[in-house]
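Got your viewer open and your selection tool ready? Let's take a short walk through this model, one stop at a time.

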Amino acid sequence: MDIKPKKSVFFLRCPTCGKGRLFKHAPYNLPKVLDMNTHCEYCKEDFVVETGFYFGAMYMSYIITSGLCLLMLPIYYLFNPTRDKFLDNAGYYILACAIMLVAAAPYVVQLSRAIWLKLHVIYFKKKYNEQD
C-alpha cells in the first residue's frame, strides 16, 4: 500500500517513504503489540534509533488519550438527560472514557510510537540538510 509520507503515521507506515510497515503485527495482536521492524524494507530507514528512544512516546500517548477523552465530552453533554445536574452523571462519562481507552489502547500505543518516530525523522532530516 503506497501512502503519502505525511499520512503514513496514521497507517503505521515508514515516516520517510510511507511504504514500509513500522510494526510486525497488527495493533490488536496483543502479545506482540510492541514488536517493531528494525528498518524499512523499502528505503532502509532505521527504526531502532537508540536504546530507550521510544520512552518519549509516552508523552504522545498521553496527548492522544487526553484528546480522545476531550472528544467524548461534547457527546456526554448532548446525551446527558439532566443538564442541570451535570456532575451527578459524571460516572457515565468516566465509564465511557474508560471503555473507549481500553478498546483503543493497542492502536494508541503503536500510533504514539509512530508519531514519536515521525517527529524525530523530520527533525533529523532537516538538521542534516541544513549542515550540507
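Start by selecting Phe53, Tyr54 and Trp116: ring pairs link these residues into a cluster. Keep in mind as you look around that this is a predicted model.

A search of the whole structure finds three aromatic pairs, and Phe53 with Trp116 is a tilted one, at 6.4 Å centre to centre and 45 degrees between the planes. Phe53 sits in the segment before α1 while Trp116 belongs to helix α2, so the pair ties together parts that are 63 residues apart in sequence. Both Phe53 and Trp116 are buried.

Next, pick Tyr76 and Tyr93. Their ring centres are 5.5 Å apart and their planes are at 45 degrees, so this pair is tilted. Here Tyr76 in helix α1 is linked to Tyr93 in helix α2, 17 residues apart. Tyr76 and Tyr93 are both buried.

Time for the largest nonpolar core, which has 21 residues; Leu22, Met36, Phe47, Tyr54, Trp116 and Leu117 have the most contacts inside it. Which helix gives the most to this core? Colour α2 and you have it: seven residues come from there.

Stay with Leu22 for a moment and show what it touches: among its contacts are Leu12, Met36, Phe47, Ala114 and Leu117. Apart from that core lies another, of five residues, including Cys69, Met72, Tyr93 and Cys97.

Last stop: Pro27, in the segment before α1 (57-79). Is Pro27 buried or exposed? Its relative accessibility is 16%, so Pro27 counts as buried. Among the residues Pro27 touches are Val33, Tyr107 and Gln110. Try the distance tool on the C-alpha atoms of Pro27 and Gln110: they are separated by 6.8 Å, though 83 residues apart along the chain.

Terms used: Residues numbered from 1 in each chain as written. Predicted model: local features only at pLDDT ≥ 70, side-chain atom pairs only at ≥ 80, totals over all residues. Heavy atoms only, no water. Helix = DSSP H or I, 4+ residues; strand = E, 2+ residues; numbered from the N terminus. Buried < 20%, exposed > 50% of the residue type's maximum accessible area, 1.4 Å probe, protein only. Contact = heavy atoms within 4.5 Å. Core = buried A, V, L, I, M, F, W, Y, C linked by side-chain atoms within 4.5 Å. Phe/Tyr/Trp six-rings, centres within 6.5 Å; stacked < 30°, edge-to-face > 60°. Lists of a residue's contacts leave out its neighbours within four places in sequence.
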